[in-house]
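Visitor: I would like to learn how to read helix packing and charged pairs in a model of this kind. Could you take me through the general idea each time, and then the case at hand?

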Amino acid sequence: MGKLKIECEKAGAKLKKLCKKVYKLLGQKENLKADLSFVSKDEIQRLNREFRNKDAVTDVLSFPTLEGIRNKVIDKNDCFMELDGKFIHIGSIAICVDRAREQAEEFGHSLERELVYLTLHSLLHLFGYDHETDEDKLEMREKEKIIVKELKLGE
């Protein structure tokens with residue numbers, strides 16, 4: 001069995017545990033990798049403007065590299081992109097720490113909990129989940145709830 005690895009200098013034990021839970025929940029088998037960056041408000045706004053045509057600060061952005069993988073087990077034989085070593089790169093995540101800190105205060109929980117949740121949310125985006133329709137949102141939220149419960153993050 002493979003694994004899901006987060007490439008980030010600051011990826012602590014909670015994020016590694018999160019990766020294992022997401023990987024298992026989605027039934028993945030190949031070695032997968034995602035990049036995670038913590039960025040400033042200026043940088044997240046620039047990225048949001050450049051890639052989404054939204055000139056505003058946001059909490060997190062996801063940049064998936066694979067299409068059509070929602071509800072599918074990724075197979076390296078189906079990937080038309082070069083493998084990074086022995087890992088299939090599924091995308092990149094940018095989190096604005098200042099915005100995450102503001103949200104943590106607003107919701108009354110720790111910054112660590114907010115960062116783990118934002119990473120979870122973004123990982124699901126990398127795996128093709130979204131919240132554009134009510135049905136899609138419900139499916140994505142259900143997966144989030146399962147992982148939040150397993151990680152004992154609280155609702």
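Visitor: At what angle do helix α3 and helix α4 cross, and within what distance do their axes come?

Guide: Two packed helices are described by the angle between their axes and the distance between the axes. In this predicted model, the axes of helix α3 (residues 97–107) and helix α4 (residues 111–126) cross at roughly 115 degrees and come within 8 Å; the axes are lines fitted to C-alpha atoms, for helices over the stretch in contact, and the angles run from 0 to 180 degrees between N-to-C directions. The crossing of α3 and α4 is right-handed, where right-handed means that the near helix is turned clockwise from the far one by less than a right angle, and left-handed that it is turned anticlockwise.

Visitor: Which residues make the contact of α3 with α4?

Guide: From α3 come V97, A100, R101, Q103, A104 and F107, and from α4 come L111, E114, L115 and L118, with contact meaning heavy atoms within 4.5 Å. The residues of this contact divide into 7 nonpolar, 1 polar and 2 charged, where Ala, Val, Leu, Ile, Met, Phe, Trp, Tyr, Cys and Pro count as nonpolar, Asp, Glu, Lys and Arg as charged, and the others, Gly among them, as polar.

Visitor: How do α1 and α5 pack?

Guide: Helix α1 (residues 13–25) and helix α5 (residues 134–150) have axes 10 Å apart and pack at an angle of about 135 degrees. That makes α1 oblique to α5, given that angles under 35 degrees count as roughly parallel, over 145 as roughly antiparallel, 65 to 115 as roughly perpendicular and the rest as oblique. α1 passes α5 in a right-handed crossing, in which L18, K21, V22 and L25 of α1 meet K143, I146, I147 and E150 of α5. The residues of the contact of α1 with α5 divide into 5 nonpolar, no polar and 3 charged.

Visitor: Which salt bridge do the side chains of E150 and K21 form, and how many salt bridges are there by this rule?

Guide: Side chains of opposite charge can pair when their charged atoms come close. With a salt bridge taken as a side-chain nitrogen of Lys or Arg within 4 Å of a carboxyl oxygen of Asp or Glu, the count comes to 10. E150 and K21 meet in one at 3.5 Å, N to O; E150 lies in helix α5 and K21 in helix α1, so the pair ties together parts that are 129 residues apart in sequence.

Visitor: Where do R70 and E139 lie, and where do R46 and E50 lie?

Guide: R70 and E139 meet in a salt bridge of 2.3 Å, N to O, and this pair links distant parts of the chain, with R70 in the loop between β3 (60–64) and β4 (88–96) and E139 in helix α5, 69 residues apart. R70 is partly exposed at 24% relative accessibility, and E139 is partly exposed at 22% (buried means under 20% relative accessible area, exposed over 50%, partly exposed in between, with a 1.4 Å probe and protein chains only). R46 and E50 both lie in helix α2 (residues 41–52), 4 residues apart, about one turn of the helix, and their side chains meet in a salt bridge of 2.6 Å, N to O.

Note on methods
Residues numbered from 1 in each chain as written. Predicted model: local features only at pLDDT ≥ 70, side-chain atom pairs only at ≥ 80, totals over all residues. Heavy atoms only, no water. Helix = DSSP H or I, 4+ residues; strand = E, 2+ residues; numbered from the N terminus.
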